[in-house]
Amino acid sequence: MIILKNIEKYYANKGVKSYILRHVSTEIKQGEFVSIMGPSGAGKSTLLNILGMLEEPTYGEYEFMGEDVLSLNERKRIELYRNHIGFVFQAYHLIDEMTVAENIEAPLLYKKVSGAERKSRVADVLDRFNMVAKKDLFPNQLSGGQQQLVGIARALVAQPSIILADEPTGNLQSAQALQIMDLFKKLNEEEGITIIQVTHSEVNAAYGSRILHLLDGVIKEDIAVEQSV
Amino acid sequence: MFKLNLKIAIRNLWKNKGYTLINVGGLAIGLASCMLLLLYVAYEWSYDKHTTGYDRTYVVYTNMKSGDGAVSYAWTSGIMAPYLSSTMPDIAYASHSTYPREYLLSNQDKSFKKFGVYADPSFLKIFDYQMIKGNKDQALKSPNGIILTERFAKVLFGNADPMNKTLKFGGKELLTVEGVMEDVPSSSSIQFDYLMSWELYKKINPWVAGTGWGNGHCLTVIQLRDNSSFEKVNASMNTIFKRNDKGSTAVALIHPLSKWHLYSHFENGKSVGGQIDTLRIFFILAFCILLIACINFMNLSTARSEKRAKEVGVRKAIGAARKSLISQFILESMLLAFLGMIVAFILIEISLPYFNGLLNSYLTLNYADWKFWAVLVGLTLFTGFIAGSYPAFYLSSFEPVKVLKGFSKTGGASLSIRKVLVIFQFVFASSLIICTAVIYQQLTFIQNKPVGYDRNGLVEIPLEGVLEDFSKATLLRDRLLKSGAVSNASLFSLSLTSGGNNTTTVGWPGKGPNESFIFNYRYANSDFVATLGSTMQSGRNFSPQFNDSANTVINEAAVKVMGLKKPVGSVIQIDDRQLTIIGVMKNFVMDNPYQTATPLIIRNGFAGEGVLAMRLNPAQNISTSIAQVQSIMKEINPEYPTSVTFLSDSFEAKFNSEKLLGTLANWFGGFAVFISCLGLLGLTLFMAEQRKKEISIRKVLGANTLHILTLLNKDFIKLVVIANLIAFPVAYIVINKWLSKYEFRVEISFIPFAIAIVLSLLIALFTVSMQSVKVAKANPVDALKYE
């Protein structure tokens with residue numbers, strides 16, 4: 001599904017290149033649950049952003065579902081992105097001025113889904129996440145865990161084939177974190193959604209099927225996780 | 001999508017009420033000012049355009065040579081119109097009429113002084129007034145017919161049918177109402193309450209029949225069959241005097257009726273603008289004020305960008321294309337512009353009566369007119385688009401990764417754009433302050449300039465009805481003098497403050513063959529100089545002890561143009577009459593206080609018209625004197641209502657257009673400053689947000705509130721100073737151009753510039769400090785905690 005070849009990312013500052021990513025090559029298949037780990041500044045988030053097409057690598061090749069992402073024009077890339085990628089952020093990043101239901105509905109608007117279908121999909125997702133009663137609340141009226149649930153619901157409503165999560169539990173207490181990770185695992189196993197998450201936590205990484213260890217922009221380790229949980 | 005965006009936009013506005021208030025307020029003031037000015041411009045523009053053939057209609061002007069140049073005026077001889085219609089087939093109609101003047105008209109015991117015009121049937125054809133009653137084709141043919149306007153007919157007869165009723169004109173003539181016409185539109189140059197026939201004019205003024213080409217006593221208007229013949233007709237007009245009046249140097253030309261009001265100034269026989277110049281200024285002013293209101297909006301929106309940045313990032317991360325974000329932000333600004341327009345409406349409706357009073361106009365919002373709505377919608381969309389475009393493009397350009405990570409150092413470039421915008425606003429505001437100051441300086445200068453006579457306590461009453469008789473007029477004068485109400489009085493053949501009644505047929509010793517000047521020509525009595533409070537420069541005034549019928553008094557300006565070494569005793573000729581100069585009086589300002597006095601020739605005697613000029617008795621109070629004057633007037637001339645005019649008032653009226661410009665500059669300058677301050681407030685908000693961390697660190701390091709205030713305010717002071725430096729030359733050029741049309745003008749001093757810079761700095765400091773004090777006093781821990 002995803003093929004990265006020799007991805008490099010650096011910032012040139014007064015002629016000195018400071019590398020964020022070096023020679024990153026890997027392949028991620030449909031249905032995998034990958035955790036990217038590593039210390040601060042290792043380039044985890046940058047890698048995730050490149051995968052999510054929010055950032056471009058300085059050099060290298062990126063193939064997403066058979067399309068060469070870097071050679072696509074802006075419109076095509078947004079199209080590809082809208083249809084296949086769902087993003088979940090550490091700080092939830094809900095739009096404060098929108099209610100829960102509207103936040104969830106927003107990606108469908110940009111995808112130009114018809115009104116009736118939007119309604120049914122939003123209702124469906126709300127139902128699945130047990131948030132029907134909260135649909136007219138604004139983000140600041142919810143707890144952190146609930147906000148992140150809305151964030152995930154928003155990522156899911158567009159029926160993506162892959163979810164990219166940047167430390168999804170970083171701001172949450174452990175009980176809520178477990179709940180979120182359980183949800184991810186369920187989505188991965190039952191609906192076959194590919195999940196790539198950045199995390200610091202060994203516990204969270206254990207939920208996945210594969211761990212990429214990043215250090216100073218280089219993949220140090222690529223290991224499969226023993227399914228013990 | 002649109003519905004949701006609208007909902008979000010409304011929520012956003014509601015959430016940031018203060019910001020919305022500043023924005024809507026700024027836009028509303030900008031829009032209201034713009035609309036008002038445009039309304040006025042449209043009104044002035046519509047002048048004389050209400051008749052169907054206005055674009056084929058022309059006013060005949062006469063150019064008279066005077067000195068090196070020429071003076072132009074729309075006065076012609078009565079014999080021109082019949083000549084034109086009989087000799088030029090290209091002309092459909094040629095009409096002669098008088099200019100509107102107040103005459104007495106009575107219906108039995110009810111008397112009114114209203115404006116009337118003597119006109120011929122062609123006049124009705126050219127200005128196709130709608131007749132409500134009566135037959136247009138038969139009107140104004142017989143000497144005793146009169147057409148009333150609907151308004152005046154109502155005043156005279158109430159609801160009764162006025163047709164064929166008899167009215168008494170000027171206390172003598174009996175006239176029959178032969179028609180009622182619609183009221184003259186307020187945007188017409190010829191304003192009257194009733195029309196009388198040219199035949200009546202000839203009957204009352206027998207001299208009219210014998211006038212030659214050189215005598216300008218009426219208005220001639222022509223209508224062409226087709227505009228293509230304009231060149232031909234104009235060329236033929238140019239030589240009309242040469243062909244018909246031997247030795248005449250005058251040249252006639254035709255000036256479009258639609259330009260009569262706006263392009264009324266002539267220099268050397270060429271139209272050089274007029275009211276249109278003021279109109280242009282207003283037009284530019286209208287859009288500049290709107291522009292600075294838009295700039296305000298841009299400043300405030302981009303200043304709030306940090307708050308919106310996250311939203312932009314999230315929207316992009318969930319799949320929004322830039323286009324949809326741009327349309328979202330434009331939608332928000334359209335919404336604000338719409339709200340602003342609603343408030344602007346209220347402001348316009350409230351201020352319209354005041355504005356009308358100021359401009360002496362009849363502006364109304366015509367809700368039934370599609371053009372009004374078109375301009376309104378256009379203006380709102382335009383404002384929304386202009387104001388929203390920069391924020392929309394700026395905000396939508398954020399890269400999601402950067403803004404979601406934390407929006408920190410991206411403010412640099414946008415800040416400098418904002419600075420430029422604020423500088424632009426203040427350049428405009430400062431220029432307006434400077435211009436306003438100079439306009440007021442000029443006004444005070446002219447008002448206080450010596451006019452050559454004592455305005456205070458000088459009054460005049462028109463000589464009408466029985467007073468047109470010399471014996472009655474002198475009787476009035478003597479009675480008034482005896483009563484003690486007035487200390488001096490003299491008949492004068494025209495109001496003291498009006499121009500006109502001039503002649504070029506003056507000869508003097510040593511006059512060159514091609515020398516020609518315009519002289520004002522008046523009649524007065526012996527007490528004239530004392531009544532005015534003026535003095536003789538040399539020689540003597542008319543005196544009852546001498547027979548002065550062949551003598552004349554001239555003014556200094558006349559001596560100068562004639563170049564007489566020893567004026568007293570010299571003999572001059574007017575028409576064919578020999579007059580000996582017995583005295584030279586000091587110049588005094590008659591019609592135009594902005595120009596040097598016109599040469600003046602005064603003869604002793606009475607012309608059967610004019611005014612009685614009087615100096616009120618300084619020993620008693622004014623109201624007693626006026627009451628005495630009125631009771632004596634009532635006795636001698638009971639038919640006419642007494643109207644006493646104070647010279648100081650009519651003199652003051654000559655400054656109306658300058659006063660108006662001053663007041664408008666004051667108002668709109670005030671608005672400009674106010675809106676600019678709102679913009680500055682926006683910029684301060686942004687700066688405070690940006691430098692929160694820096695300020696906190698400085699405070700932790702030991703800076704006190706004063707240090708922080710200086711730090712924050714310094715930048716804004718710089719902006720305002722730069723704006724002033726740019727404004728100085730701009731304002732200098734503009735105001736210098738304005739002043740250059742006045743012969744007497746103030747020197748441009750540094751004072752207006754000092755006022756501008758001090759005022760703008762003070763206002764700016766005050767605005768900025770409102771916000772920066774808050775920041776400087778904030779607890780540093782609050783800001784640092786979130787880093």
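Predicted model: local features only at pLDDT ≥ 70, side-chain atom pairs only at ≥ 80, totals over all residues.
Local features were considered at pLDDT of at least 70 and side-chain atom pairs only at pLDDT 80 or more, whereas totals for chains, interfaces and linings use all residues. Residues are numbered from 1 along each chain as its sequence is written, with chains lettered from A and ligands numbered from 1 in the order in which they are written.

Chain B contains 24 helices and 26 strands, where helices (H or I, at least four residues) and strands (E, at least two) are DSSP runs numbered from the N terminus. Along the principal axes, the C-alpha atoms of chain B fill a box of roughly 105 × 60 × 55 Å. Of the 787 residues in chain B, 40% are buried; a residue is buried if 20 or more other C-beta atoms lie within 10 Å of its own, exposed if 12 or fewer, and partly exposed in between, with C-beta atoms placed from the backbone. Two residues are in contact if their C-beta atoms, placed from the backbone, lie within 7 Å. Among contacts in chain B between residues at least 6 apart in sequence, 80% join residues at least 24 apart.

The domain assignment divides chain B into domain 1 (1–47 + 268–407), domain 2 (56–260), domain 3 (421–451 + 654–787) and domain 4 (465–639), the bounds coming from an automatic or database domain assignment. The C-alpha centres of domain 1 and domain 3 of chain B are 22 Å apart. Their contact involves 20 residues from domain 1 of chain B and 22 residues from domain 3 of chain B. On the domain 1 side, helix 2 (17–45), helix 9 (275–303) and helix 11 (322–359) of chain B each supply at least two residues, and the largest share, twelve residues, comes from helix 9 of chain B. This side of domain 1 comprises 13 nonpolar, six polar and one charged residue. In this classification Ala, Val, Leu, Ile, Met, Phe, Trp, Tyr, Cys and Pro count as nonpolar, Asp, Glu, Lys and Arg as charged, and the others, Gly among them, as polar.

The unreviewed UniProt entry lists eight spans of chain B as "transmembrane region", namely residues 21–43, 281–300, 329–352, 372–395, 416–440, 667–688, 716–735 and 750–768; such annotations may be inferred rather than shown by experiment, and the positions are given in the numbering used here, with feature names shortened. In the model, residues 416–440 of chain B are 100% helix and 0% strand, with end C-alpha atoms 36 Å apart. Residues 716–735 of chain B are likewise 100% helix and 0% strand, and their end C-alpha atoms lie 27 Å apart.

Strand 1 (residues 57–66) of chain B is mostly covered, ten of its ten residues being buried. Thr57(B), Val59(B), Tyr61(B), Asn63(B) and Lys65(B) point one way from this strand, and Tyr58(B), Val60(B), Thr62(B), Met64(B) and Ser66(B) the other way. Pairing requires at least two DSSP bridges between two strands. Strand 1 of chain B runs antiparallel to strand 11 (residues 219–224) of chain B, joined by three bridges, with Val59(B) opposite Val221(B). Six bridges link strand 1 of chain B to strand 12 (residues 251–256) of chain B in the antiparallel sense, and Tyr58(B) stands opposite Pro256(B). Strand 2 (residues 69–73) of chain B also pairs antiparallel with strand 1 of chain B, over five bridges, Gly69(B) being the bridge partner of Ser66(B).

The contact between the chains takes 18 residues from chain B and 19 residues from chain A. Helix 1 (2–15), helix 10 (305–317) and helix 13 (400–405) of chain B each supply at least two residues of the chain B side, with helix 1 of chain B giving the most, five residues. The chain B side divides into eleven nonpolar, three polar and four charged residues. Glu55(A) is in contact with Val401(B), and also with Thr46(A), Asn49(A) and Ile50(A), leaving aside its neighbours within four places in sequence. Glu55(A) lies in the loop between helix 1 and strand 4 (59–64) of chain A and counts as partly exposed because it has 18 C-beta neighbours inside 10 Å.

Chain A holds an open sheet of six strands in the order 6-7-8-3-9-10, with mixed pairing. Its edge strands are strand 6 (85–88) and strand 10 (218–224) of chain A, each pairing on one side only. Strand 6 of chain A pairs in the parallel sense with strand 7 (residues 162–166) of chain A over four bridges, and Gly86(A) stands opposite Ile163(A).
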